[in-house]
Amino acid sequence: MNSKHIKNHLNKKINDWVEYVDDEEIKDIIKKNAIISGGAIVSLLTGEDVHDYDVYFKTKDSVIKIAEYYVEKWNKKHGECLEVIED
């Protein structure tokens with residue numbers, strides 16, 4: 001696969017993820033800040049199956065907002081079942 005096809009493939013993966021997000025701010029953060037790296041690129045270059053995608057974010061703030069989004073989702077589904085430990 002050439003670099004243009006790899007870029008399109010990785011952009012599609014990001015867009016597929018965004019389809020499952022129900023918060024417009026989080027969608028925007030993912031689109032603007034997510035970077036796919038790692039073995040997926042090597043696999044695409046060599047024509048092998050991709051096993052997973054390593055996603056990184058450009059800013060610490062992006063990571064925090066994404067984490068908070070998914071923690072809130074988890075808590076809504078499972079209840080606040082984890083005890084918070086204070087320092």
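**Exercises on a predicted model**

The protein chain holds four helices and two strands. The model is a predicted one.

**Exercise 1.** In what order do the elements of the protein chain run from the N terminus on, and how does the radius of gyration relate to the globule rule?

*Solution.* Step 1: the order is α-α-β-α-β-α, read from the N terminus. Step 2: for 87 residues the globule rule gives 12 Å, and the radius of gyration of the protein chain, 16 Å, is well over that, so the chain is more spread out than a compact globule. Step 3: the C-alpha trace spans about 50 × 25 × 25 Å along its principal axes.

**Exercise 2.** Which side chains of strand β1 are buried, and which strand pairs with β1?

*Solution.* Step 1: in a regular strand, side chains alternate between the two faces of the sheet. Step 2: β1 covers residues 34-37, and its side chains do alternate. Step 3: A34 and I36 point to one face and are buried, that is, under 20% relative accessible area. Step 4: the partner is β2 (residues 54-57), joined to β1 by four bridges in the antiparallel sense. Step 5: within this pair, I36 stands opposite V55 of β2.

**Exercise 3.** What percentage of the residues of the protein chain count as buried, and what share of the accessible surface belongs to carbon and sulfur atoms?

*Solution.* Step 1: 21% of the 87 residues count as buried. Step 2: the accessible surface comes to about 7000 Å², and carbon and sulfur atoms hold 52% of that surface.

Technical notes
Residues numbered from 1 in each chain as written. Predicted model: local features only at pLDDT ≥ 70, side-chain atom pairs only at ≥ 80, totals over all residues. Heavy atoms only, no water. Buried < 20%, exposed > 50% of the residue type's maximum accessible area, 1.4 Å probe, protein only. Pairing = 2+ DSSP bridges. Rg over C-alpha atoms; globule rule 2.2 N^0.38 Å. Areas by Shrake-Rupley, 256 points an atom, 1.4 Å probe, with all protein chains shown as cover.
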